[in-house]
Amino acid sequence: MSASAITTGLLPADYREYALRLGDNALILGQRLSEWCGHGPFLEEDIALTNLSLDLIGQAQLLLELAGSQGDDTEQKTADELAYLRDADAFRNVLLVEQPNGDFAHTMVRQYLMDVYDEILYSELIRSGWQPLADIARKVLKEIRYHKQHSGDWLWRLGQGTDESHQRMQQAVDDLWFYTPELFENDDLQQRLQAAGVAPDMASIQTRWQAGVLPALKQAGLRPPESGWVATGGRKGHHSEHLGYILAEMQFLQRAYPGCEW
Amino acid sequence: MYSQGLNGPAEKNTDDSPEQLAAFQKRIDAEEKIEPRDWMPSGYRKTLIRQISQHAHSEVVGQLPEGNWVTRAPTLKRKLILLAKIQDEAGHGLYLYSAAETLGVSREQMIDDLLSGKAKYSSIFNYPTLTWADMGAIGWLVDGAAIMNQVPLCRCSYGPYSRAMIRVCKEESFHQRQGYEVMLKMANGSPEQRRMAQDALNRFWWPALMMFGPSDKDSIHSAQSMKWKIKRFSNDDLRQKFIDATVPQAHYLGLEIPDPELKFNEETGHWDHGEINWDEFYQVIAGNGPCNRERLAARRRAHEAGAWVREAVLASQQKHKQPREVA
């Protein structure tokens, strides 16, 4: 057992798992956004959506590299191996990010809910006791702040805009809201990471997230649905049916032509 | 913002007197840049609007064949590069629409003309991208041909277009190199990768040569455009320059150019080539290429699906002063 494992009680597999959770969120959301490429509602937004995707895939690359560097030589993997050669049940992203783009309202509500979460989470992770993660968090945070400004503007603009845009936004909130509790799940690993000073307290992240999102929804004339089914399972590799198709597309070349350099 | 495109068109010059035309030509001959507020012949304006908007449309439609592979890019690095490249292309489109707007045409009008099929875009984007090697071939050949066309446009007599081209060319040259690097990997890779690379060259070679337009003897716009210094070299001269630059690059890759008549001419110092299939060229221009219908349908779909978003932006601008800062 390494010196750090003795002081923190964490094993390389725990660090890897946490970096995968963060990296897979960024990868799958970035992959979803890249589906918009060339199909946005107008040219400036086409550029913006591509830019969001670009940032997220870049973040995923850093986080998956970090995940892959944990453990001994037999366990280590490249970011590409992790992205392209795992099956769906080994992915650790939350179900929210794998939900289909739907219309622009669904894409932007999904984006806003994640951006607020990521901004709060990464503003804590810059103080993580796991230094390589804290270093990545600093870079991520700068990008996420722009993302949230962008999606927050759209939340307001479309929530208030026309009857149609309001209805579409409300529908998106209704459809996506019950994917958000999963963001704050406080499982055994999360608790051990928190105790070791690697990850923040999820209950306080949730409180801050609600304090940000609920007034913003209200200001945009939107409201969260009152009750319904609650999604869970991503952290255990139990995903929605969508992830299999995302991976089938994303991993096609690596699967069809194994071992090639590209 | 999109609503900039809602500005109405400027007054057109319809009464070009011989004195005005002569004075204008004198400025052109003195290599002066023409700026948006300057007097210009209506034909000059019309030509530039046609050319710049067609160029802008090409950048925008050009996102589609590459976007076709972005979700399937084989590594994270390749996905990042491709996303950045497509983002550049969309940025060029934006820049060029703005340059065209300085001539008094609105972006809305230009987009309507594209979607109605009235305005054209580069014929090359009506060919499908069938394998990952096509991402290499497009960067290498299509962006390579675009650079040959666009470098002289950096000296175009119309100031806004010339300045746009200076910026665009810097990025295109990066695109061309990354495309060649994809080809290099594929050509030196597994037998399947090599086959994909050769196949991509086979499919994109002739369409890339067609990007330079009709041969000089059939080009109806060339002579006047040259006199106005919108254009600096003829279609055939640029095409030859492209072939001369590209043939050695293909040889370095160990790939074969799909032209049995291709032969180095010791006397002229140029590569002689076989005849282009002009029937195919005019068919694609007329809307009968392999992907014309799909490309336009995709643009129309995006435009129609985004209508409610654009309406909401305008409504929200009119209704409220936006409170800052949300959550």
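**Note on cores, cavities and aromatic pairs**

1. B:F242 is buried, at a relative accessible area of 2%. The model is a predicted one. B:F212 also counts as buried, since its relative accessibility of 2% falls under the 20% cut-off.

2. These two rings form a pair. The centres of B:F212 and B:F242 lie 5.5 Å apart and the planes meet at 45°, so the pair is tilted. Distant parts of the chain are linked here. B:F212 sits in the loop between α8 (191–210) and α9 (222–227) of chain B, while B:F242 belongs to helix α10 (residues 235–253), 30 residues apart.

3. A second pair is B:W278 with B:F281. Their ring centres are 5.4 Å apart and their planes stand at 90°, so this pair is edge-to-face. Both residues lie in helix α11 (residues 278–288) of chain B. They are three residues apart, about one turn of the helix.

4. Over all chains, a search of the whole structure finds 21 aromatic pairs. One aromatic cluster is made up of B:F24, B:W39, B:Y44, B:Y158 and B:W228.

5. Next, the nonpolar cores. The largest one has 150 residues. Inside it, A:L27, B:W132 and B:W205 have the most contacts. Helix α6 (residues 104–125) of chain A gives the most to this core: 13 residues. Another core, of 33 residues, lies apart from it and includes B:F24, B:V60, B:L96 and B:A99.

6. What is A:L27 in contact with, leaving aside its neighbours within four places in sequence? In chain A the partners are A:I57, A:A60, A:L64, A:A83, A:F91 and A:M250. From chain B comes B:L76.

7. B:S122 has a relative accessible area of 17%, so it is buried. Neighbours within four places in sequence aside, B:S122 is in contact with B:S58 and B:M211.

8. How many cavities of 30 Å³ or more does a search of the whole structure find? There are six. Two or more lining residues come from each of α3 (43–68) of chain A and α5 and α12 (292–305) of chain B.

9. The largest share of that lining, four residues, is given by α5(B). By type, the lining of the largest cavity has 10 nonpolar, two polar and four charged residues.

How values were computed:
Residues are numbered from 1 along each chain as its sequence is written. Chains are lettered from A and ligands numbered from 1 in the order in which they are written. This is a predicted model: local features need pLDDT of at least 70, side-chain atom pairs count only at pLDDT 80 or more; totals for chains, interfaces and linings use all residues. Side-chain values use heavy atoms; hydrogens and water are left out. A nonpolar core is a set of buried Ala, Val, Leu, Ile, Met, Phe, Trp, Tyr and Cys residues joined through side-chain atoms within 4.5 Å. Buried means under 20% relative accessible area, exposed over 50%, partly exposed in between (1.4 Å probe, protein chains only). Contact means heavy atoms within 4.5 Å. On a 1 Å grid over the protein atoms alone, a cavity is a set of points where a 1.4 Å probe fits but cannot get out, and a pocket is an open set with protein on both sides within 12 Å along at least five of seven lines; lining residues have an atom within 4 Å of a point. Grid points are joined across faces, edges and corners, and a volume is the space filled by probe spheres set on the points. Ala, Val, Leu, Ile, Met, Phe, Trp, Tyr, Cys and Pro count as nonpolar, Asp, Glu, Lys and Arg as charged, and the others, Gly among them, as polar. Rings of Phe, Tyr and Trp (its six-membered ring) pair if their centres lie within 6.5 Å; planes under 30 degrees apart count as stacked, over 60 as edge-to-face and the rest as tilted.
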